[in-house]
Amino acid sequence: MLKAENLVKRFDGKEVLSGISFEVIKGQVLAIIGPSGSGKSTLLRCLNLLEKLDGGRLEVDGEVMVRTDNSGKVIYAPEADLRRMRLRFGLVFQNFNLFPHFSVLQNITEAPQRVAGMNPQEAKELALELLDKMGLADKAEAYPYQLSGGQSQRVAIARALAMKPDILFFDEPTSALDPELTGEVLKVIRMLALEHMTMVVVTHEMAFAKEVADRVIFMDKGVIVEAGTPEEIFNNPSNERTRAFLNVLKSF
Amino acid sequence: MFESAIGLVKLLTNGTLTTIQIFFLTLLFSLPLGMLVAFGRMSKNKIVREIFKFYILIMRGTPLLLQLMFVYFAPYYWIGLNWDRFIAAIVAFTLNYAAYFAEIYRGGIESIPQGQYEAAEVLGFTKTQTFMRIILPQVVKRVLPPISNEVITLVKDTALVQTLGVSELFRVAKNESSRIFSTTPLAVAGVYYLLMNWLVTKALHAMEKRLSYYK
């Protein structure tokens, strides 16, 4: 569904992604794990066009989003095509980034109405349905400042789902939450996995990645060190760095 | 005695009407112009940015009284153009206040977290939609208190226009004061200014309250 080849990203000449290649398969959950500063979030931001790549190729269902020519110049698809392709992606941020001046309901209906051209009644029904699914039916009229972190993140997930993305990306969705609130967000992601929503989850929750993911990528220092099924990565890591990383975590 | 009091109130009320005109016309033009100046000041183009920086420096760095006289008299000395004092006053005030508003807007716009733009971008909003629907409403709430300060100052600054010979409240009161040899007209004018600012403060508080439904 999404194919990434040899992605390169530099910040001020320093390489943070050094040739990342992987594939997102329809209906699968891909977890990306690795130590802080390994480039996981940057990778997600590049895939969602929030950062510009310095090399590599991105394809969505065979359609080229980004390519690199022989001279090493990165070429993005024309603006209109990029917009259309980007709408197939949803992104859930670490810090939710809800719109504080909109009610919960309007946070969700705004994009379907103004971007997808849905009529207000339809958008409202869709939003209420999604809120119900998130267990937040009673929060439709609340404002973001009145929500807990876990509730905010679930609203953010509903907001992303309202645009009916083909792939939903999560950038450390529980890292900004108090430990007792991570469960309610993970539960929602687990539910989406059962519905075969295609997802890419950057996470520090190893137990969760092991349980929910179909495939796991372990990243360190801008490269994919190891990729495989959760069993392969967690129970029988073949790479020394993966083993070391998981051992440090185990010691907690 | 009673008649002369009525006469004074009539006189000052007339002057106040001119003051109110200057006040509203200045706001009408400078509030939007300030937004344009803010965009210029934040432009990605270095030359544009520097031009607007210079503009703001001049407007904030020299006395408004001097600017007022310059705007009115310069066209006369340069090309012999004798233009309307009232219009000159509005132009000078607009140019001056737009510079202050621009810096307030800039502060407001720059205080909106990057995440708001990114969230809007991934949801597919255009740049215009993002600014008009997501950023601007939040900016308005944030800049309202500093804008209020400027608006209250503007009520009092209108008194400067008297140097151009426009018969606004202060000039009327000053002339009447010397005519009848009494400070009463000035004191009454003071009450008028106070009253205007009381109303302005009330109105601005009401606006702040309307925007207090979120944090």
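**Strand E10 of chain A and its sheet**

Strands E10(A) and E11(A) run antiparallel and are joined by five bridges. This description rests on a predicted model. Within the pair, Asp220(A) stands opposite Val223(A) of E11(A). The hairpin of E10(A) and E11(A) has two residues between the strands. Lys221(A) takes a positive phi there, near 50°.

E10(A) also pairs with strand E3 of chain A. Here the sense is parallel, and four bridges connect residues 29-33 of E3 with residues 215-220 of E10. Leu30(A) has Arg215(A) as its bridge partner. Ile33(A) is partnered by Phe218(A). Of the six residues of E10(A), five are buried, so the strand is largely enclosed by the rest of the structure.

Both pairings belong to an open sheet of six strands in chain A, in the order E7-E8-E9-E3-E10-E11, with mixed pairing. The edges are formed by E7 (89-92) and E11 (223-228) of chain A. Each has a single partner strand, so one side of each is left without a neighbour in the sheet. On average, neighbouring strands of the sheet are turned by 15° against each other, direction ignored.

A separate feature was examined in chain B. Glu150(B) lies in helix H6 of chain B, which covers residues 127-157. The Glu150(B) residue is buried yet has no salt bridge. Arg60(B), the nearest side chain of opposite charge, is 7.5 Å away. Leaving aside residues up to four places away in sequence, Glu150(B) touches Tyr97(B), Tyr100(B), Phe101(B) and Ile104(B).

Conventions:
Residues are numbered from 1 along each chain as its sequence is written. Chains are lettered from A and ligands numbered from 1 in the order in which they are written. This is a predicted model: local features need pLDDT of at least 70, side-chain atom pairs count only at pLDDT 80 or more; totals for chains, interfaces and linings use all residues. Side-chain values use heavy atoms; hydrogens and water are left out. Two strands pair if DSSP finds at least two bridges between them. Axes are lines fitted to C-alpha atoms, for helices over the stretch in contact, and angles run from 0 to 180 degrees between N-to-C directions. Buried means under 20% relative accessible area, exposed over 50%, partly exposed in between (1.4 Å probe, protein chains only). Lys and Arg count as positive and Asp and Glu as negative; His and the chain ends are not counted. A salt bridge is a side-chain nitrogen of Lys or Arg within 4 Å of a carboxyl oxygen of Asp or Glu. Contact means heavy atoms within 4.5 Å.
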